[in-house]
Structures are given as C-alpha cells and as structure tokens.
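Colleague: Thanks for sitting down with me over this one. Could we go through it together, a piece at a time?

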Amino acid sequence: MTKRRRRALPLLLRKLLTCAICAVAMVALLSGHVRVLPPAGVSGAPQFLKQYQRQGSEQSWTKELVPPQVSKNPGSSRKMNSADRSLDFDNKLWKPPSKRDFVPCIRPSTNYTVPSASQGYLLVHTNGGLNQMRAGICDMVAVARIINATLVIPELDKGSFWRDSSNFSDIFDEEHFISTLANDVKVVKKLPKEVAKTTKLVKEFKSWSGMDYYHKEIAGKWEYYEVIRASKSDSRLANNNLPSAIQKLRCRACYEALRFAPHIEAMGKLLVERMRSYGPYIALHLRYEKDMLAFSGCTHGLSAAEAKELRIIRENTLHWKIKNINSTEQRSKGYCPLTPKEVAIFLTALGYPPRTPIYVAAGEIYGGDSHMTELRTRYPMLMSKEKLASVEELEPFMNHASQMAALDYIVSVESDVFIPSYSGNMARAVGGHRRFLGHRKTISPDRKALVRLFDKIEQWTLKEGSRLSDRVAELQKRRQGSPRKRKGPISGTKGMDRFRSEEAFYENPLPDCLCRSESPEVVASVDIRIHASLCAVTPAVLLLYANHRRLKEIVPERAWDNACLDVKLCGGSITSKRGFASLHDKIR
C-alpha cells in the first residue's frame, strides 16, 4: 500500500503542475486576446491626429529627411541606438496613467435634430493667441446652436501681442469645419450680400453664461437684428450646468471639426516623426516668453534691466488691467511659470536621464541662451521646430505666430510625456486634448510647492538627490493626467471669481465627453478569439468559464448581443454566452 502511494505521489504532482501551467496559459491567452472596442459610432482621435499616430510597422525618418543642422550636432541630437534604449515605454517614467475604461462619447443622442431654419447670422471676432481662439471658436459653435444662428467663419485676432495676420483658412481646414458641423450648425464663409450692409448688433457676450442668458438676452435680439456680432469669444460660455447635447457639441467642434490646415498637419507630422526617431520624448511647454513674463510680473532670476523692460511692456499694454505686481508674492503663490533652471532641477528630480529627448514647445525664450544654460547642460538633447526642420521647410510659417504655435500643439499632443511649465491656455488645451485621446501622460508641476523646494536649494538647506526626488515624487504622484471629473469652483468664491476658479471645460472634458466603456452610452464590440488544446484538463475549462464571467462584468450586457465567441476547444464551437455552461458540462 505504501509503495502504491509513493508511485501515485509523482503522478499527482505532475497533474497539479500541468493544471497550474494550463491556468497560467489561459490567463495569458485571455489577457492578450480580449479587446473591448468602441463601435463605429463612438469617436476616437480626430482624423488629423490619427495620421500622426506611429504604426508598429513604420520606420523612422531616413537621414535624407533629417535637416543638416540636426545630424551635424551629435552632442545634442545624435540618434539613440539599441544600446541606448534605456528610455523604454515600460519604464515608469514613460508609462501613461490608467484610462480606467474611459472612452470618448460625443455622438449626439437619437432625439438630436438637425438645425432648424436660422434666425440670423452670428459674426465672431476671436481674441487672444491660438489656443484661446480655438476654445472661443468651439464655444461660439455651441452658442450658434443655442440661439439658432448661422455661424459665419470666425475672424481671427490680428491685433493681439503676436500681431499674426493669418486668417481662419490659413490655420484651420475651413471646408472640413463646415462639413463636419453640417448636422449641428449651419456655417458659411461670409455674410450674404443682401445682409452685409444691414445694421448689426455688436455685443460683448457676458462671460461664463448659461442657456438662460443666451435664450433671453441674445436670441431675443433676432426680432430687431438679422446680424449679431460677438466682439469677444473667450470664456463666453459656462463650463458646467449646460445640457449634455451642448457639451458634446463643444467636444465635436474642438476634437473633430477644428482640424488644422493641410500644410500645418503635414509639417506637424514631419516634426513628430523626427522626434520619434530619437525614441520616446517629452514635449516641454516652456512658457518663459516675453509676453508671459510681462503679463504675470514674474522676474525671479532676471536682471534689473530685464525686470524694468517687462514692467514697461505691461504698463504700455492697455488691455492688461493689473500694472503693479509683486513678483515675489506671485511666485510664492505658484502664479509664475517655472524658469528653465527650475525645469532642469524638476526633470532631474523626476528621474529623467540626461539623454532624454525633449521638444521645447515655445516661442522665443526671454533672454535666449543666457537663461537656457542650466537646462541645456543637464539635457543636451533639447529640440525645437528650428532644429528639427530646415529654414526652407519652416519658411511658410515664419512671421505667423499662431501657425508656429499650431506646430507646437501637434508635437505636444503626440508626445509620450507632456510637461507645461505654466498652466496657461496651451497647457490647458493640450492637456485636455490628451485626456480626450486616452489620458496620455501629462505631468502638471505643483509650482506652489516646488518653488519652496527650489528656494531651499538656493539657500543650501536642501541638496539635490534622493531626498529631493522623494519629495517631488510625492508632490506629483496625483498630477500625471489620470482620469478624474472636472473640478468645480473653489469653495467660498463668489460672482465672477467663482466661475474663474473652475477648471476650464477644454482642460478636462470628463464627464461630458468621456464615459466608461460599460456605460449605457458606450456599447462595446467584443472580439474574442481563444485557441487552446487543453481538453483533458478540467481546471482549464473552469478557468475559462470564470474568465468569461469576469468579462461580463466589464462589457455592457447589450454588447453581448453582438458578441462573437469563437472558442476552439476540443473541437467544440461556441457562438454565444449561453454555450459556456454547456461546454463545461460536456467536457466534465
């Protein structure tokens, strides 16, 4: 009896080991072959950005496509070979946050109607830089829908700090804009001749207004005017408490209709691919430019002469209301952009190695190389439009600040990591777009807390190293761009300050335009294909059934009606969820 037991023990162990191996195999098969896909009706990335997404089969740009000034500077832009691939996507430095099953859900509901007969024409004069104008244009699309107006292609701001003479069609794809919004709002390129000379109501719409304001205060004017002109477009629509249909329309306008002009798209794609040839990269929005520093009154690290120059600019810019600014106080509250030196310390503390490719998304850095020394010393692979492209390639965009900013926008949206040094209009626009496209990693520096650490370093009470890295990691662990609902107003604020304290709509389109894949708004398509030859092992069948039940928890019930299950197990075939139990009974 004892001998029989001894002989049976190895056999039992062998069976247990087989079961364990099969279980591991099944887990691997299911995790690798289960895909929850949005249906055709659910929008993903806008078409122009789909073109920029790198395909696995694509090759890097050849040497002929890289301009001479890049290849001749091995110290700052030498390509990474296979031995240098320490900058790996699996590395925590590059790993994006979990999407938690959030996907775009911006399609209109079944009771959404095409625009009815227009009451009149809405003219729009946009204001600000590229990203401020983008947000304003999308808001005016929604306003046109609310007041039942025909939208005339908006007029871009040509009198702002940047003095850009570009028209709408120079920056955006006009035809695409009109056709994409055809079922939402009627859009025309210009006023018809018969109304061009009629009396127009010129009005500055009230900031952060809701439906009642536009229905009562604006739509009521159609009785007296055929044309209403909005003298400003920025922040004219509330961030919250609007109908779902209007919020989704804002997202369709921003992420689908407002596509860049073909020549900007093509150049943006070229810059993205050239950055990709160096491996995963950071897009750094270094908002250390003259206009930003003059407006904010931030002079930390500048000379007395530079501080005076910025003060004079601020005093002479009429529409900047605040003239006397305490720079030290601004910085202590986190209202100042990080300096290039502070960015260098921040990146080092985060753990990014010196050979990290960094695309500097910015205009002319104030003070030029004199303020970039520390950042360039630590991170020699600093790239920009001017380094990645030849003079001839950039010539069509020169002297057009908004077109140059559009190139930075594309490279930033497509980057592996986006880091803004200041939470301005571009940081909000790019950050929101990256959330919409799948919550790509976006590191938002906690400037208020960081400047205290930087001051300690300057005062020699804190050294760079593991202690600083731990402090920075703790500060930034919840600032990586992971899914969360848009923040409401700060408690205790009133009036316009209450609206001003809210997180901007385009900075975070959740929950209005992003839904969990199992929500009623998103009916997933399930494509499951499992091939196995584990018929003799009952535990494997049990594991398959258990995994099927787990799938039911993450896939909407309605989606199973269209599910296609092709399980080749013991020659059996299952074409619906009802077959799992019978398969288990059959093999058992």
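**Inside and along the chain**

Colleague: How much space lies in the largest cavity?
Modeller: On a 1 Å grid over the protein atoms alone, a cavity is a set of points where a 1.4 Å probe fits but cannot get out. Points are joined across faces, edges and corners, and the volume is the space filled by probe spheres set on them. For the largest cavity, that space is about 100 Å³.

Colleague: Before we go on, how are residues numbered here?
Modeller: This is a predicted model, where local features need pLDDT of at least 70, side-chain atom pairs count only at pLDDT 80 or more, and totals for chains, interfaces and linings use all residues. Side-chain values use heavy atoms, with hydrogens and water left out, and residues are numbered from 1 along each chain as its sequence is written.

Colleague: Which residues lie nearest the centre of the largest cavity?
Modeller: By this rule, three cavities of 30 Å³ or more are found. A residue lines a cavity if it has an atom within 4 Å of a point, and 13 residues line the largest one. Nearest its centre lie H300, R331, C336, P337 and T339.

Colleague: And what percentage of the chain's residues is buried?
Modeller: Buried means under 20% relative accessible area, exposed means over 50%, and partly exposed is in between, with a 1.4 Å probe and protein chains only. For the 588 residues of the chain, the buried share is 50%.

Colleague: How many helices and strands does the chain have?
Modeller: Both are DSSP runs numbered from the N terminus: helices are H or I with at least four residues, strands are E with at least two. Counted that way, the chain has 25 helices and 14 strands.

Colleague: In the open sheet of five strands, which ones stand at the edges?
Modeller: Two strands pair if DSSP finds at least two bridges between them. The order is 5-4-3-7-6, with parallel pairing. One side of each edge strand has no neighbour in the sheet, because each has a single partner; these are strand 5 (187-188) and strand 6.

Colleague: Which residue of strand 7 is the bridge partner of L123?
Modeller: Strand 3 (121-124) and strand 7 (227-230) pair in the parallel sense over four bridges. Within strand 7, the partner of L123 is R229.

Colleague: On the side of strand 6, which residue of strand 7 does K203 stand opposite?
Modeller: Strand 6 (200-203) also pairs with strand 7 in the parallel sense, over four bridges. L201 has I228 as its bridge partner, while K203 stands opposite A230.

Colleague: Is the β-α-β unit of strand 6, helix 9 and strand 7 left-handed or right-handed?
Modeller: Look with the strands pointing away from you: if the path from the first strand over the helix to the second runs clockwise, the crossover is right-handed. The unit made by strand 6, helix 9 (211-218) and strand 7 is right-handed.

Colleague: At what angle does helix 5 run to strand 3?
Modeller: Axes are lines fitted to C-alpha atoms, for helices over the stretch in contact, and angles run from 0 to 180 degrees between N-to-C directions. Helix 5 lies across strand 3, strand 4 and strand 7. Its angle to strand 3 is about 160°.

Colleague: Which residues does S233 touch?
Modeller: S233 is in the loop between strand 7 and helix 10 (244-257), and counts as buried because its relative accessibility is 0%. Contact means heavy atoms within 4.5 Å. Leaving out residues up to four places away in sequence, S233 touches V124, H125, T126, N127, G136 and M140.

Colleague: Turning to the sheet of four strands, which helix packs on it, touching strand 8 and strand 11?
Modeller: This open sheet has the order 10-9-8-11, with parallel pairing. Strand 10 (382-383) and strand 11 (417-420) are its edges, each with a single partner, so one side of each lacks a neighbour in the sheet. Strand 8 (282-285) pairs with strand 11 over four bridges, I282 with V417 among them. Running at about 155° to strand 11, the helix that packs here is helix 20 (425-436).

Colleague: Last one: which peptide bond is cis, with omega near 20°?
Modeller: Most residues other than glycine have a negative phi, and most peptide bonds are trans. R100 has a positive phi of about 50°, and N148 has one of about 60°. P511 lies in the loop between helix 23 (495-500) and strand 12 (514-516), and the cis bond is the one from L510 to P511.

Key
1 Å grid on protein atoms, 1.4 Å probe; cavity = no way out; pocket = protein on both sides within 12 Å on 5 of 7 lines; lining within 4 Å.
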